[in-house]
Amino acid sequence: MTVAFVKMHGIGNDFPVFDHTQPGAPTIEQIQAAAVTLCDRRFGIGGDGTISILPSETADFAMRMFNPDGSEAEMCGNGIRCFAKYVYDFGLTTKTELSVETLAGIMVLVLTVEDGKVTQVRVDMGEPRLERAQLPMEGPSGTVLHEPLKIGGELLYITGVSMGNPHIVFFPEQATDELIHRIGPQLENHPSFPKRTNVHAAQVVGRDELVMKIWERGAGPTLACGTGACAVGVAAHLNGLTGRDILIHLPGGDLRIQWGIDNHVYMTGSATLVYHGTIEL
Ligand SMILES: N[C@@H](CCC[C@H](N)C(=O)O)C(=O)O
């Protein structure tokens with residue numbers, strides 16, 4: 001079967017995007033079964049996960065996301081901005097405020113349109129979930145705030161934030177590639193996390209600015225993680241390191257993260273179309 005897709009990215013976090021609203025589109029089960037190959041950078045299209053656009057009974061659209069290891073993620077922050085650009089730019093909607101059903105709940109998106117194309121998307125990512133059981137992480141009830149954890153003889157102080165998907169954040173003096181490549185896989189697969197976890201090393205630059213390095217569950221090191229940037233923003237404020245409105249420099253670009261007094265986290269950033277293609281499934 002020949003399947004149409006577009007390749008998109010949100011500050012370097014890249015995805016083959018499949019539109020299941022079109023006649024002749026693959027089923028979601030076919031994309032799930034093929035996710036490992038589709039995301040392979042040598043044997044497939046290549047990507048940090050697949051994004052699927054589906055109809056919804058409770059929102060304007062529904063989104064599903066599969067990681068390069070074939071596991072399904074509850075939510076994808078960079079992916080949902082690409083999703084918004086696709087549905088507007090390709091005429092699936094004329095709305096500039098959209099609701100999108102995800103496994104982490106319904107997200108509300110506000111699109112900035114210039115010359116008929118979406119350039120920026122602001123996403124209401126909902127409330128951060130701070131209870132240990134909501135991550136989930138083994139251990140006593142309560143939050144996971146600046147909690148000591150030994151990883152391979154190294155003592156880390158971790159903060160746990162779920163944005164519907166699990167994130168562990170720590171704050172080294174220098175957030176280097178070497179550090180995240182070493183710590184990331186150990187924390188992702190640590191027995192404390194029954195659903196594994198995304199991992200972020202965040203370096204404070206100022207009260208409203210951070211640099212972060214990323215290790216994604218099911219994907220490894222990536223150039224950006226939108227839900228991860230939200231988790232870093234929340235964790236930094238909870239640890240008294242920043243205010244509630246911050247600019248985060250990720251390896252692939254910048255995201256603005258605002259943790260509102262309504263307790264919702266707002267993420268603003270770009271989305272880019274790279275190319276159209278077809279592939280044999
Ligand atoms: N890149 C994403 C997150 C994708 C899912 C993640 N790997 C997980 O398994 O939770 C983002 O931009 O949020």
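**Binding-site record.** I started with UniProt, where an unreviewed entry puts "binding site" on Asn13, Asn67, Gly77, Asn78, Asn165, Asn198, Glu216, Arg217, Gly226 and Thr227.

**Ground rules.** I count residues from 1 along each chain as its sequence is written. The model is predicted, so I keep local features to pLDDT of at least 70 and side-chain atom pairs to pLDDT 80 or more, while totals for chains, interfaces and linings use all residues.

My helices (H or I, at least four residues) and strands (E, at least two) are DSSP runs numbered from the N terminus. Is Glu216 buried or exposed? Glu216 is buried, since 28 other C-beta atoms lie within 10 Å. For burial I use C-beta atoms placed from the backbone: 20 or more others within 10 Å is buried, 12 or fewer is exposed, and in between is partly exposed. Skipping neighbours within four places in sequence, I get contacts from Glu216 to Asp48, Asn198, Thr222 and Cys225. A contact here is two C-beta atoms, placed from the backbone, within 7 Å.

**Thr227.** Thr227 is in helix H4 and is buried too, with 29 C-beta neighbours inside 10 Å. Its contacts, leaving out neighbours within four places in sequence, are Met75, Cys76, Gly77, Met163, Asn165 and His167.

**Active-site record.** Next I checked "active site", which UniProt (again an unreviewed entry) places at Cys76 and Cys225.

- I find Cys76 in the loop between strand E5 (72–73) and helix H2 (77–89). Cys76 has 30 C-beta neighbours inside 10 Å, so I log it as buried. Beyond four places in sequence, Cys76 touches Gly49, Ile51, Met65, Gly226 and Thr227.
- I find Cys225 in the loop between strand E14 (220–221) and helix H4 (226–238). Cys225 has 32 C-beta neighbours inside 10 Å and is buried as well. Beyond four places in sequence, Cys225 touches Asn13, Gly77, Asn78, Asn198, Ile214 and Glu216.

**Ligand shell.** Which residues come nearest to the ligand? Of the 19 around it, those are Ala73, Gly77, Asn165, Gly226 and Thr227. My test for "near" is a C-beta atom, placed from the backbone, within 6 Å of the molecule. H2 and H4 each supply at least two shell residues. I sorted the shell into four nonpolar, twelve polar and three charged. In that sorting, Ala, Val, Leu, Ile, Met, Phe, Trp, Tyr, Cys and Pro are nonpolar, Asp, Glu, Lys and Arg are charged, and the others, Gly among them, are polar.

**Domains.** The assignment gives domain 1 (2–126 + 269–280) and domain 2 (132–263); such bounds come from an automatic or database domain assignment. Why do I place the ligand between the two domains? Both domains give residues to the shell around the ligand, so it lies between them. The C-alpha centres of the domains are 24 Å apart. I count 22 residues of domain 1 in contact with 20 residues of domain 2. The domain 1 side of that contact divides into eight nonpolar, eleven polar and three charged residues.

**Pro68.** I also looked at Pro68, which is in the loop between strand E4 (61–66) and E5. Pro68 is buried, with 23 C-beta neighbours inside 10 Å. Outside four places in sequence, Pro68 is in contact with Val36, Cys39, Gly47, Asp48, Gly49, Gly218 and Ala219. Between Pro68 and Thr93, 25 residues along the chain, I get a C-alpha separation of 29 Å.

**Whole chain.** I end on the overall fold, which has four helices and 18 strands. The C-alpha box along the principal axes is roughly 55 × 40 × 30 Å. Of the 281 residues, 45% count as buried. Among contacts with a separation of 6 or more, 64% join residues 24 or more positions apart.

Definitions and conventions
UniProt positions are given in the numbering used here, feature names are shortened, and annotations may be inferred rather than shown by experiment.
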